[in-house]
Amino acid sequence: MTGASSSRILHLHPWLSRRLVLGAVASLPLFGRSTIATASRWTGKNDRRWPSDSEWNALGVRVNGQLAPIVMPELKGSDRNVANPYYLRDEPALTQSSGWVDAWQSKPSAYVLKAQDARQISEAINFARRHRIKLVIKGGGHSYIGGSNAADSLLIWTRALDSIAMHDGFVPSGVTKPPVPAVSVGAGCVWGEVYNAVTTLGKRYVQGGGCATVGVAGLVQGGGFGSYSKAYGLSAAHLLEAEVVTSDGRIRLVNERQDPELYWALKGGGGGTFGVVTRLTLATHPLPSTFGAANFGVRALSDEAFQALLDRFLAVYQQSLFNRHWGEQVQATPDNRLIVNMTFLDLSDDEARRAWVDLEIFVHARPQSYEILQPLSVVGLPGRYLWDARFLERSVPGLISRDHRPGAPKDNWWWTGDGEQAGSMWHGYSSLWLPQSLLNEPSKLVAAWFAASRDWPVSLHFNKGLAGGDPEAIEASRRTAMNPSALDAFALAIIAGGGRSSFAGLDLGPDFQQARVDARLIKSSMKKLRAAAPSGGAYVSECDFFLEDWRAACWGSHWRRLETVKGRYDPVGLFEVHHGIGTTDRS
């Protein structure tokens with residue numbers, strides 16, 4: 001075996017687990033950097049300009065008592081709550097990720113607005129603008145690069161904005177078009193809640209994220225991929241209208257006719273950048289006949305055999321899987337494993353299985369070269385059951401986990417594998433879009449994929465590249481702010497790893513020495529893969545904290561237009577996040 005040890009690898013799937021989250025051992029040196037979002041131009045607690053208690057109290061009155069100092073919860077020992085994404089969601093002092101080695105550390109804000117409506121958010125924005133207080137927005141809190149936290153800040157917490165309303169026919173304000181089925185969602189909702197309302201109960205489909213605990217507003221503003229993006233395109237492409245509060249405190253209802261440039265920017269231009277989104281209305285669609293999953297695991301017994309396996313898989317992918325029906329990922333590991341965790345829709349089990357016949361024959365015909373770790377399994381189910389927690393618990397024990405806190409809502413659940421990243425500290429997280437032209441250069445792609453996998457597991461997420469997908473979905477996605485590279489990519493490569501939580505008080509903290517070793521390996525792995533696609537670009541919601549030329553990498557040719565929108569709607573730069581349009585501070 002070469003490169004990273006197999007003990008650090010977890011392969012991922014929306015029905016199993018989704019991220020590369022890797023273990024570490026304990027030690028507790030300090031982080032190499034301060035919290036990223038606290039720049040010197042903001043007023044800090046020790047600054048004489050910091051608002052007095054009476055000024056904070058007056059704001060509290062104006063927001064109906066929904067303002068409070070943040071108190072960090074006391075975490076002790078091996079606190080199980082840290083592994084519960086709903087607990088992290090419900091604590092304004094905490095974030096889903098606890099930090100990133102030598103980049104940022106999760107730190108609570110000074111005050112939190114527990115927003116009940118857009119008017120209260122407007123009051124908080126006006127207060128922050130007058131006093132130069134750093135603003136932070138937390139919905140789901142899933143930002144890998146620390147966008148949901150900053151010390152000495154005012155947190156606008158949208159957790160209470162959790163209404164969900166289905167529409168048989170919706171027409172955006174001021175728009176003269178036929179009504180379409182849609183759902184209006186508060187910015188505090190997570191996708192599991194929305195799928196429950198739209199699919200399990202409403203028998204419709206909405207294009208959202210694969211992880212049940214990701215926030216709806218953040219995903220859409222980042223562009224938004226789900227397991228079935230090849231069929232439906234970006235989540236942002238389905239945004240019909242949004243309510244947003246901008247830096248002047250104005251509450252705006254934006255769509256293709258009202259503030260159209262701001263509307264466009266909210267569709268993939270990055271979360272926390274252009275204002276505070278309070279409500280989104282998204283188009284819904286008829287349910288697919290089936291959703292399904294295909295899982296397969298093979299280990300090659302030599303490097304040469306592994307390269308041949310990668311080559312054969314890519315041929316099978318191009319011939320049978322490069323279409324609207326298939327999504328999710330395949331991972332190549334340092335110990336020569338190919339782990340297939342893919343999803344499908346609108347196929348029977350037999351139709352889905354036939355797509356894999358050539359790869360099965362190739363492997364089975366060479367027992368001297370390959371060890372089957374997991375025989376091919378193909379399982380489909382009626383579309384309405386994919387997010388039905390009761391059905392999933394009965395059908396596949398262990399597939400999902402529940403929020404067992406006393407009084408927790410019965411529909412609080414997550415894919416068990418997703419729990420691995422709750423509270424994690426990241427060692428590295430990089431992404432790269434792979435253009436579809438590489439499928440016609442298999443030797444080049446195989447060489448880069450294999451070389452990169454010597455250092456770290458490399459996953460190709462096929463649903464996060466739209467090439468090969470539904471033409472109408474691609475065209476709708478073209479009208480968003482997303483990097484155009486995503487439209488021509490057959491996959492998004494993700495190379496990532498993390499370890500134990502860095503929240504204070506836990507028995508076992510991160511091993512920073514190992515984390516830095518991992519970070520170097522992840523960087524080396526991506527460098528080798530990038531040789532095949534040097535200008536591929538990166539996905540802003542899943543990119544390297546230290547990404548160079550991040551504007552062009554995350555938005556391609558769109559970043560200058562986004563800067564114009566930023567200058568119009570946030571001329572004072574009130575909304576500032578790392579890798580956010582208009583942000584110049586890199587601390």
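## Confidence first

pLDDT is the predictor's own confidence in each residue, on a scale from 0 to 100. This is a predicted model, and its pLDDT averages 92 over the protein, with 93% of the residues scoring at least 70.

## The five-strand sheet

Let's start with the antiparallel sheet. Five strands make up this open sheet, in the order S7-S8-S12-S10-S11. Strand S7 (164-170) and strand S11 (251-254) sit at the edges, where each pairs on one side only. Ignoring direction, neighbouring strands here are turned by 15 degrees against each other on average.

Within that sheet, S10 (residues 239-245) and S12 (residues 276-283) run antiparallel and are joined by six bridges. If you want a spot to look at, Glu241 stands opposite Thr281 in S12. Helix H3 (residues 118-131) packs on the sheet and touches S10, S11 and S12, with its direction at about 50 degrees to that of S10.

## The nine-strand sheet

The other sheet to look at has mixed pairing: it is open, with nine strands ordered S3-S2-S20-S22-S21-S15-S16-S14-S17. Strand S3 (104-105) and strand S17 (370-382) each have a single partner strand, so one side of each is left without a neighbour in the sheet. At the S3 end, strand S2 (residues 99-100) pairs with S3 in the antiparallel sense over two bridges, and Trp100 has Trp104 in S3 as its bridge partner.

Helices pack here too. H10 lies on the sheet and touches strand S14 (290-300) and S17, its direction making about 160 degrees with that of S17. Helix H15 (residues 512-530) lies across strand S20 (425-435), strand S21 (458-461) and strand S22 (489-499), running at about 5 degrees to S20.

## H8 and its two helix partners

Two packed helices are described by the angle between their axes and the distance between those axes. For helix H8 (residues 303-321) and helix H12 (residues 442-453), the axes come within 10 Å and cross at roughly 130 degrees. Angles over 145 degrees count as roughly antiparallel, and H8 and H12 are therefore oblique to each other. H8 passes H12 in a right-handed crossing. On the H8 side the contact uses Asp303, Phe306, Gln307, Leu310, Asp311, Phe313 and Leu314, which meet Pro442, Leu445, Val446, Trp449, Phe450 and Ser453 in H12. By class, that contact divides into nine nonpolar, two polar and two charged residues.

What about H8 and H10? H8 and helix H10 (residues 357-364) pack with their axes 9 Å apart and at an angle of about 160 degrees, which makes H8 roughly antiparallel to H10. This crossing is right-handed as well. Ala308, Leu309, Arg312, Phe313, Val316 and Gln319 in H8 meet Asp358, Leu359, Phe362 and Val363 in H10. The classes here are seven nonpolar, one polar and two charged residues.

How values were computed:
Residues numbered from 1 in each chain as written. Predicted model: local features only at pLDDT ≥ 70, side-chain atom pairs only at ≥ 80, totals over all residues. Heavy atoms only, no water. Pairing = 2+ DSSP bridges. Helix = DSSP H or I, 4+ residues; strand = E, 2+ residues; numbered from the N terminus. Axes fitted to C-alpha atoms, helices over the stretch in contact; angles between N-to-C directions. Contact = heavy atoms within 4.5 Å. Parallel < 35°, antiparallel > 145°, perpendicular 65-115°, else oblique. Left-handed = near helix turned anticlockwise from the far one by under 90°. Nonpolar A, V, L, I, M, F, W, Y, C, P; charged D, E, K, R; others polar.
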